[in-house]
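Please read the following report alongside the sequence and the model, which are shown just below.

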Amino acid sequence: MSLATHDTARPDAAEPLMTLQGIGKSFGGVSVLENVDFSLFPGRVLGLAGENGAGKSTLMKVLSGVHQADAGTLTLRGRGVRFATPRQAMDAGIAIIHQELNLVPTLSAGENIFLGREPQRWGRIDWKRLFGQAAELLESLEQSIDPRIPVARLSIGQQQMVEIARALSLDAEIIVMDEPTDALTDVETAVLERVVRTLRGAGKSLVLITHRLVEIFRMCDDVAVLRDGRLVHQGPTASSSEDQLIQRMVGRELADRYPYEPPRLGETVLEVKDMVAPGVRGVSFSARAGEVLGFGGLMGAGRTEMCRALCGDVPRKSGEVWIHGRRVRFVSPGQGLRAGVAYVPEDRKQSGLVLDHSVADNMSLTALPAFCGPLGIVRHARERAAVDHYIEAFRIKLNDPRQRAQTLSGGNQQKVSLAKALMSEPEVVILDEPTRGVDVGAKREIYLLINRLKRQGKCVLLISSEMPELMGLSDRIIVLANGRVSGEFLRDDATQEKIMTAAAAAAPMEN
């Protein structure tokens, strides 16, 4: 009996542009995809949903020639196809924008857009044409990026736009976007939505992989759900609700999306007075044991900069930080850790984890002194016991603690990043966008971990760009704008309107 529910009727009765039937894929004997049937239609956007590790990216890599299926068939425009390489899929009109940016940092934006497909003239690269066409593509994305500038000098969001421009340069009929808005600002996301509508109107078939369910309902005509490597649903988005999608993704109902627990407030643990740092202009606040203090604000408001200065990751120009009534000043994150301040950065891949090291090595990195004997020799039995404890407590899905962190799904990588911070037993835990790029099931588990920290009497600082998450988990919310505190609200007083009004209230940043 099939797990999937299908409703693939289309108003225009169009034939599928591409069909995948009975697709199966395994790695090292572990099944990742099992008997997946999947259809893409011209002029429609399909949202692909599922928890981390459900098989979404693997399925799209099969479609685009990165992986070859172990079982099943691919049909494109009514003819059977099999792509041995991504280039073959590209030549057939399929473009994929991977979640992990795939750019050459030292090359210009224009060179990256046309890499391997540079326009030629008389046997040489036609640079004028290359940069001219690159500029047109970037302008179509409402970007004022100089195509001659190295991508290393661009923001993450701008680099994502360069990736999208590269896909558009292929004039592909099928365009796959894997978490395209994860690194984009709200303005850039709105631009992407307009581009998607334009491409759909031109008859393109688009696949949008996203954990943000609101984007599926806003941008997608159809939705497909993968769970544990199997397709459990495909049909028009209008026939599903958000709760139904979540239930299909996790296989159970999530009765309470934000499992809030009232705090048992203790003494004041952290005091910040008139902090000035790069991007921070005189921030003051205090936080107590057992409290989740949320920080809201628009992109560039100074939230991340404040937290990095607080833990010693960037220099603090002036101001005071007090922990348990003792004035402290950190010049490195290591000093912050030793004083009981742990920071979980928003970019787990670049800053939170050493991806080519094992899960165990990543977890114990912040607490190695606790596992060392008198001669500085690591007591591996104690280290392994601590690692096993966090794997079980955080329900981290893996085969072996010795496997590399990069082999885990995004949600499990985030749990490892949290475990790494908590293994040093800090008193102040700073969580910077802890659920970014994480599916709804893993999000709930992280929310439960936050509640556990509250019960343990930890002081939790929570940065979140997701307004419902910020309001759903915080006991108190401080809003920053242009590096300053522009509002503060108790949980019961906070509304989205009040928070957004405060976020837009401050004067522009001075030079």
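Which residue in β5 is the bridge partner of L20? The partner is L74, in a model that is predicted: local features need pLDDT of at least 70 and side-chain atom pairs count only at pLDDT 80 or more, while totals for chains, interfaces and linings use all residues. Residues are numbered from 1 along each chain as its sequence is written, and side-chain values use heavy atoms, with hydrogens and water left out.

**Confidence**

The chain has a mean pLDDT (the predictor's confidence in each residue, from 0 to 100) of 85, with 94% of its residues at 70 or more. Over residues 1-11 the pLDDT is below 50, although this stretch has 22 contacts (heavy atoms within 4.5 Å) beyond near neighbours in sequence. The pLDDT is also below 50 over residues 506-511, where eleven such contacts occur in the model. Where pLDDT is low, the predicted coordinates should not be read in detail.

Strands (E, at least two residues) and helices (H or I, at least four residues) are DSSP runs, numbered from the N terminus, and two strands pair if DSSP finds at least two bridges between them.

| Strand pair | Sense | Bridges |
|---|---|---|
| β2 (residues 18-27) and β5 (residues 71-76) | antiparallel | five bridges |
| β5 and β6 (residues 79-81) | antiparallel | three bridges |

L74, the partner of L20, also has a bridge partner in β6, namely V81. Two residues lie between the strands in the hairpin of β5 and β6, and there R77 takes a positive phi near 55 degrees.

**Domains 1 and 2**

The domain assignment, which is automatic or from a database, gives domain 1 (18-255), domain 2 (258-340 + 426-510) and domain 3 (355-424). The centres of domain 1 and domain 2, taken over C-alpha atoms, are separated by 34 Å, and their contact takes 13 residues from domain 1 and nine residues from domain 2. Together these two domains bury about 950 Å² (accessible area lost on being put together, 1.4 Å probe, summed over both), of which 59% is on carbon and sulfur atoms. On the side of domain 1 that touches domain 2, the largest share, three residues, comes from helix α8 (residues 242-250).
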